[in-house]
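Visitor: Walk me through this one, please. Keep it brisk.

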Amino acid sequence: MDFIGDDGDAVSVKVTDEHAVSADEALERAKAVMVQLTAFGTRGGGRSVNA
């Protein structure tokens, strides 16, 4: 799944076959992964500690 922001930034999430029984389920799994990743975002406007 490719997610493209309003500013053109893009993030791709690969969903394994076991989580992709249908396109809707794959999308929901990819969204869940994106939510998990936001926990590693920036704090106070600084750069992320993750590469």
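**Burial, fold and contacts**

Visitor: What percentage of the residues is buried?
Guide: Buried residues account for 8% of the 51 in the protein. Buried means under 20% relative accessible area, exposed means over 50%, and partly exposed is in between, with a 1.4 Å probe and protein chains only.

Visitor: What kind of model is it?
Guide: This is a predicted model, where local features need pLDDT of at least 70, side-chain atom pairs count only at pLDDT 80 or more, and totals for chains, interfaces and linings use all residues. Residues are numbered from 1 along each chain as its sequence is written, and side-chain values use heavy atoms, leaving out hydrogens and water.

Visitor: What is the mean pLDDT?
Guide: It is 78 for the protein, and 75% of the residues reach 70 or more. pLDDT is the predictor's confidence in each residue, from 0 to 100.

Visitor: And which element has the lowest confidence?
Guide: Helix α1 does, at a mean of 85. Strand β1 (residues 2-4) is highest, at 87.

Visitor: What's the fold pattern?
Guide: Along the sequence it reads β-β-α. That is one helix and two strands. Helices (H or I, at least four residues) and strands (E, at least two) are DSSP runs, numbered from the N terminus.

Visitor: Let's go inside. Where is Val 13?
Guide: Val 13 sits in the loop between β2 (10-12) and α1. Its relative accessible area is 8%, so Val 13 is buried.

Visitor: Which residues is Val 13 in contact with?
Guide: Beyond its neighbours within four places in sequence, Val 13 is in contact with Met 1, Phe 3, Ala 30, Val 33 and Met 34. Contact means heavy atoms within 4.5 Å. The C-alpha atoms of Val 13 and Met 1 are 5.1 Å apart, although 12 residues separate them in sequence.

Visitor: Is Ala 30 buried or exposed?
Guide: Ala 30 is buried, because its relative accessibility is 0%. Ala 30 lies in helix α1. Not counting residues up to four places away, Ala 30 touches Met 1, Phe 3, Val 13 and Val 15.

Visitor: New topic. How many salt bridges turn up?
Guide: The search of the whole structure finds one. A salt bridge is a side-chain nitrogen of Lys or Arg within 4 Å of a carboxyl oxygen of Asp or Glu.

Visitor: Which residue pairs with Lys 31?
Guide: Glu 28 does, with the closest N and O atoms 3.7 Å apart. Both lie in helix α1, three residues apart, about one turn of the helix. Lys 31 is partly exposed at 39% relative accessible area. Glu 28 is partly exposed too, at 48%.

Visitor: What about Asp 2: buried or exposed?
Guide: Asp 2 counts as exposed, because its relative accessibility is 60%. Asp 2 lies in strand β1. Leaving aside neighbours within four places, Asp 2 is in contact with Val 11 and Ser 12.

Visitor: What joins the side chains of Asp 2 and Ser 12?
Guide: A polar contact of 2.4 Å. A polar contact is a pair of N or O atoms within 3.5 Å; within protein, one must be able to donate a hydrogen and the other to accept it, and residues adjacent in sequence count only if both atoms are side-chain atoms.

Visitor: Last one. Where is Ala 23?
Guide: Ala 23 is in helix α1 (residues 23-38). Ala 23 is exposed, with a relative accessible area of 61%.
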